[in-house]
Amino acid sequence: ANEQLLEPMLNSLDTSVDSFNITMGLSLKQSLLTTLVNALFELQSNVAEFQNKKGDTVKIPKFSHRHVHKVLNHPFVRRYELIKYELDQETNPIRKALRHITKNNLVYLSENEMLELGEGDPIFSMFFTRWNSDVNKALKNLYDLIDVLRSVYKTAPDAIEIEYLYLFLTILNRIERIVMKHNDLDIKNFRHFLNELIREERIPFSGEPVADLQMMSMLETRCLDFDHVIITSLNEG
């Protein structure tokens with residue numbers, strides 16, 4: 001009844017389920033990739049406000065520790081860590097950076113500080129290089145991010161994340177053409193166009209129509225003729 005529960009249900013299936021069919025699409029807006037992209041925009045838009053001796057408010061572009069933790073603890077980044085560093089906490093600059101921030105109670109961090117903590121890891125240059133309202137820089141960073149994540153998930157069999165990345169890549173190609181036509185596009189409008197395109201995209205599924213387990217939304221249940229039907233997320237008694 002709630003289509004947003006499809007992905008949690010897929011991640012909760014028992015290993016004994018080796019065959020199932022999905023007859024509904026999954027919105028790209030509800031994907032983990034979209035949450036990472038939105039977190040990246042929040043990270044880049046953050047500024048620290050201070051008051052100088054004259055009492056005037058001064059805005060300095062710095063990354064908030066909350067946004068840094070949100071991005072570096074994202075499931076996509078954790079998967080990247082697992083593949084690259086194999087849970088080795090001593091050589092993993094991402095875990096080391098987070099421990100350093102927590103230990104020293106750092107609230108705001110500059111671009112140079114984050115890049116130094118990253119020890120040359122490409123994730124840090126993609127996340128913490130300032131866009132400075134440059135749409136082309138933002139596009140390049142997002143393309144680089146897709147390339148890194150594709151290399152991470154290519155070893156996972158039937159990973160739905162690969163579909164996310166492919167769809168997002170097609171969206172970036174479309175929005176790049178918009179940017180080329182409108183040179184005056186700013187980051188705010190760029191994000192707006194990106195979210196609009198993401199909202200329209202759905203991941204189509206194809207499977208075995210006679211599988212023992214069928215997953216469908218309410219729309220597909222109108223002609224059901226099964227012995228057992230389980231409806232999740234109802235509150236009507």
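Begin by selecting lysine 96, which has a relative accessible area of 28% and is therefore partly exposed. Please bear in mind throughout that this is a predicted model.

Lysine 96 belongs to helix H5, whereas glutamate 119 sits in the loop between H6 and helix H7 (122-128); the two residues are 23 apart and link distant parts of the chain.

Remain with helix H5 and select arginine 95 together with glutamate 81. These two residues also form a salt bridge, and their closest N and O atoms are 2.8 Å apart. Glutamate 81 lies in helix H4 (residues 75-85) and arginine 95 in helix H5, so the pair ties together parts 14 residues apart in sequence. Are these two residues buried or exposed? Both glutamate 81 and arginine 95 are buried.

Then display helix H5 (residues 93-103) with helix H6 (residues 111-118). Their axes come within 8 Å and cross at roughly 130 degrees. H5 and H6 are therefore oblique to each other. Which residues make the contact? On H5 they are Pro93, Ala97, His100 and Ile101, and on H6 they are Met114, Leu117 and Gly118. Sorted by class, this contact of H5 with H6 comprises five nonpolar residues, two polar residues and no charged ones.

Move on to lysine 70 and glutamate 42. They form a salt bridge whose closest N and O atoms are 3.4 Å apart. Lysine 70 is in helix H3 (residues 65-72) and glutamate 42 is in helix H2, so that distant parts of the chain, 28 residues apart, are linked. Lysine 70, with a relative accessible area of 44%, is partly exposed; glutamate 42, at 26%, also counts as partly exposed.

For the last stop, select asparagine 46, located in the loop between helix H2 (32-45) and strand S3 (48-51). Why does asparagine 46 count as buried? Its relative accessibility is 13%, and buried means under 20%. The side chain of asparagine 46 reaches the backbone oxygen of lysine 62 at 2.9 Å. Beyond its neighbours within four places in sequence, asparagine 46 is in contact with several residues, among them Pro61, Phe63, His67, Tyr108 and Arg130.

Terms used
Residues are numbered from 1 along each chain as its sequence is written. This is a predicted model: local features need pLDDT of at least 70, side-chain atom pairs count only at pLDDT 80 or more; totals for chains, interfaces and linings use all residues. Side-chain values use heavy atoms; hydrogens and water are left out. Axes are lines fitted to C-alpha atoms, for helices over the stretch in contact, and angles run from 0 to 180 degrees between N-to-C directions. Helices (H or I, at least four residues) and strands (E, at least two) are DSSP runs, numbered from the N terminus. Angles under 35 degrees count as roughly parallel, over 145 as roughly antiparallel, 65 to 115 as roughly perpendicular and the rest as oblique. Contact means heavy atoms within 4.5 Å. Ala, Val, Leu, Ile, Met, Phe, Trp, Tyr, Cys and Pro count as nonpolar, Asp, Glu, Lys and Arg as charged, and the others, Gly among them, as polar. Buried means under 20% relative accessible area, exposed over 50%, partly exposed in between (1.4 Å probe, protein chains only). A polar contact is a pair of N or O atoms within 3.5 Å; within protein, one must be able to donate a hydrogen and the other to accept it, and residues adjacent in sequence count only if both atoms are side-chain atoms. A salt bridge is a side-chain nitrogen of Lys or Arg within 4 Å of a carboxyl oxygen of Asp or Glu.
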